[in-house]
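Visitor: Can you walk me through this one? I'd like to start with the metal site.

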Amino acid sequence: MNNIKNRIDIDLIAKAEALLYESEKIAIIPHSGPDGDAIGSSLALYQYLKKKGKMPKIVSPSAYPVFLNWLPKNSEVMIYTNGKKAAEEYLKSSDLVFIVDHNSFKRSGDLEKILQDLPAKKIMIDHHPEPEQIVDVMFSDTSMCATCELMYEFIEALGDENLIDTHIAECLYTGIVTDTGGLSYNSSNPRTYQIVGDLLARGIDKSKIHSNVYDNFSTDRMKLLGHCLDRGLEVLPEYQTAIITLTKEDLLKFNYKDGDTEGFVNYPLSIQGMLVSVIFIEKEDMVKISFRSKGNVPINAVAAEYFNGGGHMNAAGGRTTDQLKDAIAKFKEVLPAFYKSLNQ
Ligand code: 5GP
Ligand code: MN
């Protein structure tokens, strides 16, 4: 069998190793509104650093969905919005900060300003395009299907593969499956399967993880999904695009909890012929938008150009302070030209 080698830059690893050597208090920051990959990679790094004798802490800019609460060491995560003072004190006293699964302080939510001004050395571990030069050592690789895949490579490149125990493997596996649509997207690669094989060999219970992540929804969430796919869905076959709209009233009616709408945007892509799916969610102070596409359709360009966001080619996000109906109107206005550009 062909063994595909670790893809990490050895010079960068040497720099990271030196920073790790001289640091004791280490903060780990996932992106705001963290998903399975952000929390999985943060918790894996946390447990790894503990084993290395460090004093790490995860400071999440905001809360995350309950379907991630079962992850090993979940109770150790500090949520910044639940206790700002303690989190700020920890950050200010840390020697080293890991920026995980994001590549711009804009994605660090309420921690943006604090991180910007923090004198501590910083290391980025991320797989999103267009990283900003905000750290001392940057591991940024868009060929990784998930930050958890990169985290595995990082630990292995440091020569510590033997420290990946079942709990760390569970966290890494969760991030890889949630960021790849259960390994269905083309973002996964032969090396991903090698890594997944190695994680399985470390004793994880794949079936339990899938059940924890995917069979853990509330009845309200299921009914909200039903509502989205019925009354909230608009299909524009002429542009191979589907739009889901969720109003503040919808969220209230179905007792919305953080993370309930995670994954909704993917459903319309299973309608025959669809290339693009977008969900507009009306929040208290803004409209949150998620974009998904198939194949070579760079929907992140629309997110970046018109909706203050960005992301991967096939999965991007953005936000606007426009009214919900105006945001949708804007999308519909730019859609024809975007669609036309795909065929050129
Ligand atoms: P989601 O729709 O699940 O919020 O995000 C989809 C993808 O787009 C994720 O990989 C996420 O990191 C990225 N993303 C979401 N919002 C933003 C944003 O405001 N800016 C950038 N650059 N990326 C985003
Ligand atoms: Mn990710």
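Visitor: Which protein donors does the manganese ion (ligand 2) have?
Guide: Asp37 (OD), Asp101 (OD), His127 (NE2) and Asp179 (OD), lying 2.2 to 2.5 Å from the ion. Donors are N, O and S atoms within 2.8 Å of the metal (3.2 Å for Na, K and Ca), and water is not among the atoms, so sites may look incomplete. This is a predicted model: local features need pLDDT of at least 70, side-chain atom pairs count only at pLDDT 80 or more, and totals for chains, interfaces and linings use all residues. Side-chain values use heavy atoms, without hydrogens or water, residues are numbered from 1 along each chain as its sequence is written, and chains are lettered from A and ligands numbered from 1 in the order written.

Visitor: What spacing do the donors follow along the chain?
Guide: D-x63-D-x25-H-x51-D. His127, in the loop between strand 5 (121–126) and strand 6 (137–140), and Asp179, in helix 6 (residues 166–179), are 52 residues apart. Helices (H or I, at least four residues) and strands (E, at least two) are DSSP runs, numbered from the N terminus.

Visitor: Is His127 buried or exposed?
Guide: Buried, at 2% relative accessible area. Asp179 also counts as buried, at 18%. Buried means under 20%, exposed over 50%, partly exposed in between (1.4 Å probe, protein chains only).

Visitor: Switching to helix 9. Which residues are buried there?
Guide: Arg221, Leu224, Leu225, His227 and Cys228. They cover an arc of only 160° around the axis, so they are on the same side of helix 9. The arc is that of the directions from the helix axis to the C-beta atoms.

Visitor: And which residues are exposed on the other side?
Guide: Thr219, Lys223 and Asp230.
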